[in-house]
Amino acid sequence: MGALRWHFLLQCLEDLQKNLCQLGSCLLVIQGEYESVLRDHVQKWNITQVTLDAEVEPFYKEMEANIRHLGEELGFEVLSVVSHSLYDTKRILDLNGGTPPLTYKRFLHILSLLGDPEVPVRTLTAEDFRSCRPPDPGLAERCRVPLAADLKILPESTSPWRGGETEGLQRLEQHLTDQGWVASFTKPRTIPNSLLPSTTGLSPYFSLGCLSVRTFFYRLSNIYAQAKHHSLPPVSLQGQLLWREFFYTVASATPNFTKMAGNPICLQIGWYEDAERLHKWKTAQTGFPWIDAIMTQLRLEGWIHHLARHAVACFLTRGDLWISWEEGMKVFEELLLDADYSINAGNWMWLSASAFFHQYTRIFCPVRFGKRTDPEGQYIRKYLPVLKNFPSKYIYEPWTASDEEQAQAGCIIGRDYPFPMVNHKEASDRNLQLMKQVREE
């Protein structure tokens with residue numbers, strides 16, 4: 001977990017503390033291993049109930065089982081609530097008959113049998129906390145939200161995203177005011193290299209629980225009900241929530257979901273191991289400005305558009321470098337504000353054509369793809385200022401400019417910015433043959 005997400009998480013906790021204080025309650029943050037923390041505090045604070053989100057990740061499944069055992073031992077009730085997702089993934093899998101694989105089409109059919117998800121829990125008010133008493137000041141100070149310096153996290157960076165429910169709700173309201181945009185939203189038509197997010201940018205807030213996914217679902221339903229026409233899943237805004245749900249469901253039923261080995265839905269591919277090439281991709285030194293601008297935005301801000309994620313994922317795996325999707329997944333897990341076990345691994349398997357996606361002949365060009373929606377290269381000029389003075393005709397391929405033109409732009413390729421690390425056509429043609437061979441075998 002990188003510094004950006006740590007800062008975002010701490011901002012979320014600070015905002016939660018502030019909002020609870022306004023309702024007459026408070027947040028106490030205890031640091032330590034959860035088992036020892038519970039053992040220490042159950043009797044000390046006379047705890048009778050422990051509540052937690054019902055999760056699908058192996059770590060949290062194991063944690064819930066351990067807490068239930070502790071509850072039996074120490075005499076507290078454990079309440080596990082499905083709240084981070086729209087549906088209970090166990091119910092979906094039961095209706096699927098436990099027969100993998102679960103396709104997206106089959107998944108939507110099962111959801112039609114289940115009907116709409118449960119309505120969101122109402123907003124808490126001061127009345128809910130009328131019996132609360134402020135804690136002892138010494139306790140409140142000992143159990144305050146930690147500062148970044150307390151956790152030895154690097155100073156805050158330039159990420160435009162600020163954590164917390166307050167910020168998440170403001171973003172939600174801002175997007176929902178344009179009901180025409182909401183009704184006609186289709187994700188493939190959004191622009192990956194716009195200077196401001198062309199999607200909602202709400203994923204970090206869903207990822208850490210600042211926003212209720214059910215609130216968003218039902219607010220969208222109300223807008224759709226008033227519209228003459230609206231887009232439909234899988235490309236609509238509600239469709240994006242259902243993709244999230246799909247990956248959660250598949251991840252909950254798939255062993256070793258974040259690995260290739262031992263993963264029953266994943267193609268077993270002999271990816272190259274090349275630490276130097278992986279490092280160049282991660283540090284925006286591939287020599288392809290469109291790819292490097294995306295990786296720079298990711299490192300600086302912790303968020304990139306989903307089509308930008310597609311471009312760099314394809315480049316690392318089946319497109320150009322033939323490096324395992326697991327390596328890319330780890331980089332995203334560290335750098336993304338919205339890093340998510342199920343969605344991150346699912347999308348990396350998809351983009352590497354290891355699972356789900358079988359149109360493996362479609363390879364994103366690291367030059368033409370970005371040029372379609374941003375021919376002037378404003379996105380590249382923002383995130384790779386070393387190239388900002390190149391004429392638009394060279395901005396995606398600066399190595400094609402003459403020595404004189406490079407000198408005029410103040411950037412010599414091979415000295416100030418690297419040459420392309422691969423010949424895209426040769427590499428993608430070779431990798432396409434490798435992928436065909438894997439699939440034939």
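## Overall dimensions

The radius of gyration used here is taken over C-alpha atoms, and the rule for a globule is 2.2 Å times the number of residues to the power 0.38. For the 441 residues of this predicted model, a compact globule would have a radius of gyration near 22 Å, and the chain, with 24 Å, agrees with that expectation. Along its principal axes, the C-alpha trace spans about 75 × 50 × 50 Å.

## Fold content and surface

The secondary structure of the chain consists of 20 helices and two strands. When contacts between residues at least 6 apart in sequence are considered, 73% of them join residues at least 24 apart.

Buried residues account for 48% of the 441 residues, while the chain exposes about 22,700 Å², of which carbon and sulfur atoms supply 53%.

## Helix H13

Helix H13 covers residues 289-301, and because 13 residues at 1.5 Å a residue should span 18 Å, the 18 Å between its end C-alpha atoms agrees with expectation. Directly after H13 comes Gly 302, which has a positive phi, near 80°.

H13 is mostly covered, with 11 of its 13 residues buried; among them are Trp 290, Ile 291, Ile 294, Met 295 and Leu 298, and also Asp 292 and Glu 301. The cover over these buried residues includes helix H1 (3-22) and helix H12 (275-282), together with helix H14 (306-319), helix H15 (325-335), helix H17 (368-373) and helix H18 (378-383).

How values were computed
Residues numbered from 1 in each chain as written. Predicted model: local features only at pLDDT ≥ 70, side-chain atom pairs only at ≥ 80, totals over all residues. Heavy atoms only, no water. Helix = DSSP H or I, 4+ residues; strand = E, 2+ residues; numbered from the N terminus. Buried < 20%, exposed > 50% of the residue type's maximum accessible area, 1.4 Å probe, protein only. Contact = heavy atoms within 4.5 Å. Areas by Shrake-Rupley, 256 points an atom, 1.4 Å probe, with all protein chains shown as cover. Expected span 1.5 Å × (residues − 1).
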